[in-house]
Amino acid sequence: APDVPVIDQAYSKLSNSITVEWRAVPGATNYMLTAQDGDSFVETIVKNSPGTVTGLKAATLYRITIRSINSGGKSQPSPFRKVKTVLAAPILSIHSPSCDSIAVSWKAVHMAAGFSVSLMRSDGLGRMLKENTTNTSLIFTNLDPGTLYTIKAYAWNANGMPGDDFTYNQRTSPDAPVDVKVAFNSGALRAVVSWMPTEGALTYSVTVSRGLLKLRCNTSSASCVVPSLQCGSEYYVSVTAYNDAGSSKPTDAVSLKTIPCAPINISIEEDEPGHLLVSWSSVSFGHYYVVFVKSDDGLEVHCNTSYTQCHFQSDCGFTYFISVFAYNKAGQSPLGDIFNYTTAPCCPSDFRAVFVSSDTVRVTWAAVRGADLYETRAAGGSAAVLCKDTAAACTLSALQCNTRYSITVYSVSEARGSNTSCAPQYVATAPCSPEIKNISKDGLSVISVLWQSNNEEATYVVTARGEAGLWHCTSTGNSCTLMDLPCGSAFSVSAVARSPAGQSLPSYGVPLETAPCCPNDLILTQVTQSVTNISWSVGLGAQIYVTTLESPTGQAKCHTLQNYCLLGCITCGTNYTVSLRAISERGLTSSCTYEGYSSSACCPSGVKLYRLSNSGIRVFWRASDETINYNADLRGSKGNFSCTPSSGLSHCDITEIPCGDVYTVVVAPVTDKRPKLTFCPKKIYSVTCSGSSVGMVIYRGKSNAKHV
């Protein structure tokens, strides 16, 4: 083993180690240092001198020995030296309570009599500050804000020997930023806060507070964006600088008033047609308001006001889009709800009402803007008539006659409903149809018509309509008279009422038949002495005829469907009154009177022929009336002969009549106005040429000549 080394010196510079110096031992490759504290010891192998034993306790007295080592083994320990480790360094707790101070504190160090603390800017600028104290804390003031300082501290014992030192770099907290500016972005509802950079500040924190609400923005630059601000609010903005030492004081708060919120409780109404009133609730921080009104045709108007309402002109049938903005120095409020307001559709124009019948009116108008539907209401009488249609026309039917209606056409839209401000138009219906109650005959061609009148200020026209034509009468009352109606005609009588409003429907037709016409021509022809034939022209409307010949001595009458009649039992030479009754199919009768009729005088009797001298013949008869003149006719194959006696005589003579012929002899009364009678008895005489005799043959149905 190598020789025992000898310790030259041993000392402690650090509280956890002792350094030993010795002379080298030949042949030794290593050395073992041993520090013993009572029963505990610490060994360290080193190569050469000096060597240091570490891991020791501060302020502790150790026995130090050294042994040399080689491949042969270890030497014996050297004589020991007693060495005490120095005091431990105080463990500092350092912070910067303000931007210009650093507070240092530590725990008490074992065996320490006092402490020395020094402070100096780490960049070497300025002077060093040093404080000796027996306390365990101290504060350095009047420092530069945000500056890095190096702090060194150690403890010393009662002998004034310093222990380990402790070095610590500490920065003072930054000063509060200056020149804080706030720029508000109204569109994004955010604020950009900027300031002058502060010495030593590593980061900054911007606090935006409103009541209990606090918004923060952290940054390492000199500006920060604070988003999500609320409209209509006042915020207080402060900036705090930070570094590893702490924070600065917050800057004085800067007031930030954001843009006002969009106005609420917006109401839109038409206080009167053509005027829109837009109102809203006031908002916080709203200095003035702008209302934009844009119509659906693209036209836009606006209104600036510091009040909470605006008036606008409006047109019917338009949709207006309305938005209200509030303004202050920060800018415009966000876009709120856009309201649309549709004004009532326009009232129909070019109104026309045309009656298509007495109780039906067709109403037309010009289509108007904004109307989806039209509602036509006719009010009058006992009930209203309603018509709804999308077309610009409507037909109102079943209207009451003789009634004044108020007709209003309301335009209707789905958005706004009905425009109730449309003015009515007044239309009067035609009069009610009259009802004919009675038709009476006041004369042969005079008809009185009576009806029931239900109208006011109406004129009534009664019409008799038939094949014969039209007859009218007019009245403002309830009756009128039809004059000069033709006989034998059938009519339908109806009445209409007229007024300025129009004409009613005609009443129901009432049939009317006039009495049949009296025949214009009546001819009496005496067929025989006691039979008279009466014939007449047809009487219009007559179906049955009753003819009567009446005299003081009696009456002759016949009923017939024909237009002639034979009347017997006529007394010759008698004056008769002639009457005829024409009777229609319905029993209407016309009594017709004619000029009196006188039957012919009676035929003479006892007609005889006597031979006169030479070739003459005397015709003799017995007259029925001495005042009647007679005429005698002789007709033969050799000629016809006649004679008329003087008045009052009952015979007449015919001279120069050829003999040897058979003559038919007729003696008949003679009248000035009638033709010669042919019905008196005919007698046949044979006039011979021998002697003076005349033979008479009486004709009885057949020609039977007898020679006398």
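This is a predicted model: local features need pLDDT of at least 70, side-chain atom pairs count only at pLDDT 80 or more; totals for chains, interfaces and linings use all residues.

User: What is the helix and strand content over residues 1-88?

Analyst: Residues 1-88 are 0% helix and 56% strand. The C-alpha atoms at the ends of that stretch lie 38 Å apart.

User: And what about residues 176-261?

Analyst: There the chain is 0% helix and 58% strand, with 33 Å between the end C-alpha atoms.

User: Moving on to β25. Is that strand largely enclosed or open?

Analyst: Strand β25 covers residues 275-279, and four of its five residues are buried, so the rest of the structure largely encloses it.

User: Which strands does it pair with?

Analyst: β24, residues 267-272, pairs with β25 in the antiparallel sense over five bridges. β28, residues 309-313, is also antiparallel to β25 and is joined to it by five bridges.

User: Give me residues I can click on. What is opposite Leu277?

Analyst: Glu269 stands opposite Leu277 of β25. On the β28 pairing, Val278 has Cys310 as its bridge partner.

User: How many residues sit between the strands in the hairpin of β24 and β25?

Analyst: Two residues lie between them, and Gly274 in this hairpin takes a positive phi near 90°.

User: Change of topic. Which residues form the nonpolar patch on the surface with Phe321?

Analyst: Leu335 and Ile338 form it with Phe321, and together the three have about 300 Å² of accessible area.

User: Where is Ile338 in the chain?

Analyst: Ile338 is in the loop between β30 (331-332) and β31 (339-342).

User: Why does Ile338 count as exposed?

Analyst: Its relative accessibility is 52%, and exposed means over 50%, so Ile338 counts as exposed.

User: Now β53. What does it pair with?

Analyst: Taking the partners in turn, β50 (residues 544-551) is joined to β53 (residues 575-583) by seven bridges and runs antiparallel to it. β55, residues 597-598, is antiparallel to β53 with two bridges. β54, residues 589-593, is antiparallel to β53 with five bridges.

User: Last one: what order do the strands take in the open sheet with β57?

Analyst: The order is β56-β57-β60, three strands with antiparallel pairing. β56 (605-611) and β60 (651-654) are the edge strands, each pairing on one side only. Neighbouring strands of this sheet are turned by 15° against each other on average, ignoring direction.

User: How many bridges join β56 to β57?

Analyst: Five bridges join β56 to β57, which covers residues 617-622. Across that pairing, Lys608 stands opposite Phe620 in β57.

Key:
Residues are numbered from 1 along each chain as its sequence is written. Side-chain values use heavy atoms; hydrogens and water are left out. Buried means under 20% relative accessible area, exposed over 50%, partly exposed in between (1.4 Å probe, protein chains only). Two strands pair if DSSP finds at least two bridges between them. Patches are made of residues with over 30% relative accessible area and no salt bridge: like charges are joined within 9 Å, nonpolar side chains (Val, Leu, Ile, Met, Phe, Trp, Tyr) within 5 Å. Accessible areas come from the Shrake-Rupley method with a 1.4 Å probe; for residues, only the protein chains shown count as cover. A salt bridge is a side-chain nitrogen of Lys or Arg within 4 Å of a carboxyl oxygen of Asp or Glu. Axes are lines fitted to C-alpha atoms, for helices over the stretch in contact, and angles run from 0 to 180 degrees between N-to-C directions.
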